[in-house]
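Please open the structure in a viewer and keep the selection tool at hand.

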There are 2 protein chains.
Amino acid sequence: MKTKVFVTLKPSVFDPQGKTIVDALRSMGYTAVQDVRQGKYFELDVEAGSTDEARSMVAEVAEKLLANPVIESYRVEVDDERSQESGVRRQETA
Amino acid sequence: MKTKVFVTLKPSVFDPQGKTIVDALRSMGYTAVQDVRQGKYFELDVEAGSTDEARSMVAEVAEKLLANPVIESYRVEVDDERSQESGVRRQETA
């Protein structure tokens, strides 16, 4: 089962990589880009009996290994192969 | 206008970071995770008159700065504030 994890810095945390990208874009003439935040993106292929099982396992993996819950938040999406539309579930952390 | 860029290694490119994560998860007991691919995720806040304008600008930025088109592919999503559902547009690269 295909799952996706998006890890982003919490809004209160300064993002120096994003700031560097904004500066680089400005020097390249892309002044319309106001702000950039960089995050991490993971595609996990997991064996699970149901989308709920996959979602809870991947959330655990994100919490323990992929994200640093002190400064980062994560979102989990599970692609249910039976139904592309309804199978995408989201889970937000604070 | 909020836009998102997902940068992933092309399927033919070996992903050592993903392999390391799979190994770490295995040693932690998560044997159900078959495969992991790591990518980058960017949130760009851009000033644009239309979603089409934003999309084409962000695709250009992704091509020139955020992704390495030789080994990576990217996907651009534009969140149209007027309509959350229909405003999400996708653009795939080979």
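Begin in chain B by selecting B:Lys19 and B:Asp23, which lie four residues apart in helix α1 of chain B and are therefore separated by about one helical turn. Helices (H or I, at least four residues) and strands (E, at least two) are DSSP runs, numbered from the N terminus. The model is a predicted one, in which local features need pLDDT of at least 70 and side-chain atom pairs count only at pLDDT 80 or more, while totals for chains, interfaces and linings use all residues; side-chain values use heavy atoms, with hydrogens and water left out. Residues are numbered from 1 along each chain as its sequence is written, and chains are lettered from A and ligands numbered from 1 in the order in which they are written.

**Salt bridges in chain B**

Side chains of opposite charge can pair when their charged atoms come close. B:Lys19 and B:Asp23 form a salt bridge, with their closest N and O atoms 3.2 Å apart; the term denotes a side-chain nitrogen of Lys or Arg within 4 Å of a carboxyl oxygen of Asp or Glu. B:Lys19 is partly exposed at 42% relative accessibility, and B:Asp23 is partly exposed at 38%. Here buried means under 20% relative accessible area, exposed over 50%, and partly exposed in between (1.4 Å probe, protein chains only).

Next, select B:Arg55 and B:Asp52. Their side chains meet in a salt bridge of 2.9 Å, N to O. The two residues are three apart in helix α2 of chain B, and so about one helical turn separates them. B:Arg55 is buried at 16% relative accessibility, whereas B:Asp52 is partly exposed at 44%.

Which parts of the chain does the pair B:Lys40 and B:Glu72 tie together? The side chains of B:Lys40 and B:Glu72 form a salt bridge at 3.8 Å, N to O. B:Lys40 belongs to strand β2 of chain B and B:Glu72 to strand β3 of chain B, so the pair links parts that are 32 residues apart in sequence. B:Lys40 is partly exposed, at 27% relative accessible area, and B:Glu72 is buried at 13%. Over all chains, the count of salt bridges comes to 14.

**Strand β3 of chain B**

**Where the chains meet**

Now display both chains. The contact, meaning heavy atoms within 4.5 Å, takes 32 residues from chain B and 32 residues from chain A. In chain B, the residues that lose the most area to chain A are B:Tyr30, B:Tyr41 and B:Leu65, together 21% of what that side buries. About 2,800 Å² is buried between the two chains, 66% of it on carbon and sulfur atoms; buried area is the accessible area (1.4 Å probe) that two parts lose on being put together, summed over both.

How many salt bridges cross this interface? The rule finds zero between chain B and chain A. On the side of chain B that touches chain A, β2(B) gives the most, with 14 residues. Select β2 (residues 33-46) in chain A as well: 13 bridges join it to β2(B), and the two strands run antiparallel. One place to look is A:Val36, which stands opposite B:Leu44.

**Chain A**

Along its sequence the pattern is β-α-β-α-β-β, with two helices and four strands. Buried residues make up 46% of its 94 residues.

Select A:Thr3, found in strand β1 of chain A. A:Thr3 counts as buried because its relative accessibility is 1%. Residues that A:Thr3 touches include A:Phe42, A:Leu44, A:Val58 and A:Val78. End with strand β3 (residues 72-79) of chain A, in which eight of eight residues are buried. Strand β1 (residues 2-9) of chain A runs antiparallel to β3(A), joined by eight bridges, and the bridge partner of A:Phe6 there is A:Arg75.

Terms used
Two strands pair if DSSP finds at least two bridges between them. Lists of a residue's contacts leave out its neighbours within four places in sequence.
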